[in-house]
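This briefing concerns the structure displayed below.

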Amino acid sequence: MFPYIENLVILGSIYSMLSVSLNLTMGYTGLFNLGHAAFFGIGAYVSALLALTFGVPFWVAILCAALFAAFFGFLLGFPTLRLRGDYLALGTLGFAFIVEAILKNWTEVTRGPLGIPGIPRPELLGFSFSSLDAYLVLSLAFLAVTIIVTHRIVNSPFGRVLKSIREDETAAQTLGKNTVRYKMIALTVSAFFAGMAGSLYAHYITFIDPTSFSFPVLILLLSAVIIGGMSSIKGSIVGGFLIILLPEPLRFIGLPSNLVGAGRQMIYAALILVILLKRPQGLFGEYVFRRKRK
Amino acid sequence: MVLEQLILNGIIAGGIYALIAIGFSMTYGLLRFLNLAHGSLYVVGAYLAYLFFSLGMPIVAAFILAVIGGAIVGVAMNYSVYKPLQRRKSNSLIMLLASLGIFIFVENLIIALFGAEVKTIRTGPIIQGMDFFGAIITQTQVIIILVAFVTLLIVEVFLQKTKAGKAMRATADNKSVAQVIGINVERITTYTFALASALAASAGVLIAIEQNLEPTMGLNVIIKGFTASVVGGLGNVRGAVAGAFLLGLVENIGIWFLPSGYKDAIAFVVLVAFLLFRSQGLFGRKE
């Protein structure tokens, strides 16, 4: 029983890293960012390939993964952040699908749908993180770093500018803020942590394939942020753990195995709808998105 | 020989995309958000047709019932989710997320009801295709092209000539002015959802007859639908049709140069290119 719970907590903290970092762009800055799952995937693949092909140690690989994802965030932001709301959503979603197509089809490097097995567990000075206990500590530590950095960002003057962009971008511009630059930094930082989470995921599960980072994962991340509440770090942490824990009871009520996946997705979808309709600020959110008055 | 075949395939794909893109563009014009759940109406249409057909109905009856069913589901979506959200003045991100929620819910409901495996509607024996300017076209494909073209024509006439169609265009153009001149915006919204959903459902049935049914088939088609609408200019119905055929052709001719696994990514490259360089679309006005 205990390893089972430990496993859930490890996955929960990885998803919390993702939802906290997604909230930085979606909740605090108000960007319609639908590309987060792609950064997660980029981080996982970069880290796995570095570790397996070049024997790079985990600590270097995770840093490279995060930097690489951040670089892609920067590249994506360069053209798309000039677009307004809806178009930004399409642009980032497009990016996510192009990344998925490349992971599936660039078989010489990614092995395509076969996936990459046998990714090593991390080691530090001869101590291996192959046990669940050790990995649990490791992932909680990374989650803590993500939370602290995000907390510092959103509560700084920089974070106030991000929120002002969400409220009224034109007003922020009038006050002399280069809003595109601010949005770019927010997206890059958010992608950095998604890449880090990807690496952590790859070295934990030890097997990755393109479906681990495809459309359903995006839904999972969006549900986590919405359930927890936009612009609430506490909410995103709870949301990240909740989306991992919620479908677990389904395991025990003895549904036919072909229905478990569908049932799980239906729970997320129904929850998104109920929260949006009945409690748009989520469990802990401070902010409700409203249409701007024309 | 190959090129002719690719062009023909592109036109067939374009016809299907056009049926999706029109509805997508119409609901965008009206409510100003990206209604991703539009793709689930396509799936609903296909599975309803499958259900009625396997109950022993003739395929034409199954088609009509599926289209009506799709329209009802679309209107129900608007009433149960979009309207309450609009009333609370939710912004378009919230609407988009809600439509994503509906999309995932419907997809998995269909997996739960019908199973995840591929289904087929067999209307008759498979006969060899005909030769058409050096390309092979099957009987089903002829029917698809005909139905798609006739439907597009009817929609065009409806939107341009009838009172309800004009009211729809007026409402999409400017809601408050439409309200001022006495158009019942509420009712027109319902009509628009019914029409858009019926079109998506009919595209679903057409694909179901020619190819296979899968619960996950909606995602791919909604990507094509919104790409086509962006190419034509979001909210512009004629533009959406042009964008759909253009996309169908680019995609099918593109796999001449690229591995076919990248076929679906081509749509996104087109989409991103348009978003960056001409976000108002081919025919749209600059905002």
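Helix 2 (residues 36-53) of chain A comprises 18 residues and covers 26 Å from its first C-alpha to its last, close to the 26 Å expected at 1.5 Å a residue; the expected span is 1.5 Å times one less than the number of residues. Helices (H or I, at least four residues) and strands (E, at least two) are DSSP runs numbered from the N terminus. The model is predicted: local features need pLDDT of at least 70, side-chain atom pairs count only at pLDDT 80 or more, and totals for chains, interfaces and linings use all residues. Residues are numbered from 1 along each chain as its sequence is written, while chains are lettered from A and ligands numbered from 1 in the order in which they are written.

**Helices of chain A**

- Because 16 of its 18 residues are buried, helix 2 of chain A is largely enclosed by the rest of the structure. A residue is buried if 20 or more other C-beta atoms lie within 10 Å of its own, exposed if 12 or fewer, and partly exposed in between, with C-beta atoms placed from the backbone.
- Gly55(A), which follows helix 2 of chain A, has a positive phi near 65°.
- Helix 1 (residues 2-28) of chain A has 27 residues and reaches 36 Å between its first and last C-alpha, close to the expected 39 Å.
- A kink of about 35° in helix 1 of chain A is centred on Leu22(A); the bend at a residue is the angle between axes fitted to the seven residues ending there and the seven starting there.
- Just after helix 1 of chain A, Gly30(A) adopts a positive phi of about 75°.
- Arg160(A) belongs to helix 7 (residues 157-167) of chain A and is partly exposed, with 13 other C-beta atoms within 10 Å.
- Arg160(A) and Ala171(A) are eleven residues apart in sequence and 13 Å apart in space, C-alpha to C-alpha.

**Chain A overall**

- Chain A contains 13 helices and two strands. Its radius of gyration is 19 Å, close to the 19 Å given by the globule rule for 294 residues, so chain A is as compact as a globular protein of that length. The radius is taken over C-alpha atoms, and the rule is 2.2 Å times the number of residues to the power 0.38.
- Buried residues account for 52% of the 294 residues in chain A.

**Chain B overall**

- Chain B has eleven helices and two strands, arranged along the sequence as α-α-α-α-β-β-α-α-α-α-α-α-α.
- The C-alpha trace of chain B spans about 55 × 45 × 35 Å along its principal axes.
- Of the 287 residues in chain B, 51% are buried.

**Core and contact between chains**

- The largest nonpolar core has 199 residues, and Ala69(A) and Ala49(B) have the most contacts inside it. Such a core is a set of buried Ala, Val, Leu, Ile, Met, Phe, Trp, Tyr and Cys residues joined through C-beta atoms within 7 Å.
- Beyond its neighbours within four places in sequence, Ala69(A) is in contact with residues including Phe39(A), Ile42(A) and Phe192(A). Contact requires C-beta atoms, placed from the backbone, to lie within 7 Å.
- The contact between the chains draws 40 residues from chain B and 35 residues from chain A. Helix 4 of chain B gives the most to the side of chain B that touches chain A, with 15 residues.

Technical notes:
Two residues are in contact if their C-beta atoms, placed from the backbone, lie within 7 Å.
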